[in-house]
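Hi,

Here is the structure I promised to pass on. Have a look at it first, and then read my notes below.

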Amino acid sequence: QYCSMTPTVNGGFNYLRRSIAQRRSLEVHAPPGGHSVTPSMFNHVKTSVHSARGTPEVSLDTTGFTLATGHPTAFTQWSDSEAVERVYYPEMEEVARATLVQHGLSPLKVACVNHIVRDETGEGLGPHRVVHNDYTDSYPGRIRAGFECDSSNSFWQLMERRGLSSDDFAEPSQSGCRLMVLNLWRSRSTVPLKTAPLAMCDRRTVTTNDLTPVRLPGYNGEAIDPPHEISLGHASDRHKWWYYPDLEPDEIICLKTFDSVRPFIPTLHSAFDDPTTPTGYRQRESVEARVVCCIAPQSPVAKL
């Protein structure tokens with residue numbers, strides 16, 4: 001159905017200005033309705049976006065992402081967070097576990113701990129058009145600190161319900177596992193996704209100088225302590241962008257957004273406007289789930 005000769009398209013991406021990174025710390029507070037984006041903070045950069053379909057070089061440990069196929073879901077109760085946790089989280093845990101096992105890794109524990117529903121058709125969050133990664137190197141330490149000082153918060157209680165404890169976020173030499181977080185991203189539509197698809201920046205083309213940590217107090221409606229921290233990306237001529245044209249309902253993009261194996265370079269990603277999208281095509285409806293994976297350290301490096 002698809003081939004690697006799918007034409008490359010042109011896309012525009014909002015990168016954090018490098019001058020912003022000169023600040024000692026950067027924090028974005030959430031007003032009602034979600035985090036705001038100040039246009040003066042960003043450069044809008046036009047560049048090529050390549051189809052990842054049929055491209056053998058794409059993998060978690062090379063480009064930083066892969067595609068899981070054949071995973072339809074019958075779940076539709078996206079406004080019911082309890083139902084999402086009860087029904088959809090286990091589905092995503094199975095996708096993560098199967099993907100890891102299929103490619104030679106031995107997961108000791110997988111736990112879906114967070115999700116975001118995006119919807120251009122309603123009042124919810126729309127596509128995120130800022131180049132970012134979901135976590136920074138500080139992720140394990142922040143989670144450990146949260147368990148120790150704010151265990152009554154619903155964020156940490158959810159982690160406990162999914163079978164996680166602060167021990168799972170210790171240094172690999174202490175925990176006995178490799179810690180990885182996968183963002184499992186899918187369209188919720190019944191038709192191929194064309195509007196505002198997700199693009200991934202090839203992690204081989206990213207350096208630590210392209211990243212700035214940003215704290216997000218009140219992230220996803222949760223006033224957690226310590227606050228969530230993400231990486232925002234700076235523009236570079238080296239960056240190579242990929243996407244999956246016409247993503248089907250049973251396909252899931254798997255992004256590696258944290259890995260305790262060093263050096264770790266995150267998978268920057270962003271929505272973009274595909275200029276080939278037909279006028280009046282169905283707006284984007286998507287969901288992303290974050291799955292914490294504790295992997296046996298003797299596992300070989302994954303070539304996904």
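The second largest cavity holds about 80 Å³ of space. It is lined by 14 residues, and those closest to its centre are Arg118, His128, Trp185, Leu198 and Glu288. By cavity I mean a set of points, on a 1 Å grid over the protein atoms alone, where a 1.4 Å probe fits but cannot get out; lining residues have an atom within 4 Å of a point. Grid points are joined across faces, edges and corners, and a volume is the space filled by probe spheres set on the points. Searching the whole structure gives two cavities of 30 Å³ or more.

Before you go further: this is a predicted model, where local features need pLDDT of at least 70, side-chain atom pairs count only at pLDDT 80 or more, and totals for chains, interfaces and linings use all residues. Numbering starts from 1 along each chain as its sequence is written, and side-chain values use heavy atoms, with hydrogens and water left out.

β6 (178–187), β12 (269–271) and β13 (285–295) each supply at least two residues of its lining, and β12 gives the most, with three. (Strands are DSSP runs of E, at least two residues; helices are runs of H or I, at least four; both are numbered from the N terminus.) The lining has four nonpolar, five polar and five charged residues. Here Ala, Val, Leu, Ile, Met, Phe, Trp, Tyr, Cys and Pro count as nonpolar, Asp, Glu, Lys and Arg as charged, and the others, Gly among them, as polar.

There is also a pocket to look at, meaning an open set of points with protein on both sides within 12 Å along at least five of seven lines. The second largest pocket has a volume of about 190 Å³. Its lining includes Phe75, Trp78, Arg186, Arg188, Pro249 and Glu285, and divides into four nonpolar, five polar and three charged residues.

Trp78 turns up again in the ring pairs. The whole structure has 15 aromatic pairs (rings of Phe, Tyr and Trp, its six-membered ring, with centres within 6.5 Å; planes under 30 degrees apart are stacked, over 60 edge-to-face, the rest tilted). The ring centres of Trp78 and Tyr88 are 4.9 Å apart and the planes are at 80°, so this pair is edge-to-face. Trp78 sits in the loop between β3 (65–68) and α1 (81–102), while Tyr88 is in helix α1, ten residues apart.

Next, two helices. The axes of α2 (residues 139–149) and α3 (residues 154–161) come within 10 Å and cross at roughly 100°. Tyr139, Arg142, Ile143, Gly146 and Phe147 in α2 meet Phe155, Trp156, Met159 and Glu160 in α3, with contact meaning heavy atoms within 4.5 Å. Six of these contact residues are nonpolar, one is polar and two are charged.

Finally, some backbone details. Most residues other than glycine have a negative phi, and most peptide bonds are trans. Ala196, in the loop between β6 and β7 (198–201), has a positive phi of about 50°. Arg262 and Pro263 are joined by a cis peptide bond, with omega about 0°; Pro263 is in the loop between β11 (252–259) and β12.

Cheers

Key: Axes are lines fitted to C-alpha atoms, for helices over the stretch in contact, and angles run from 0 to 180 degrees between N-to-C directions.
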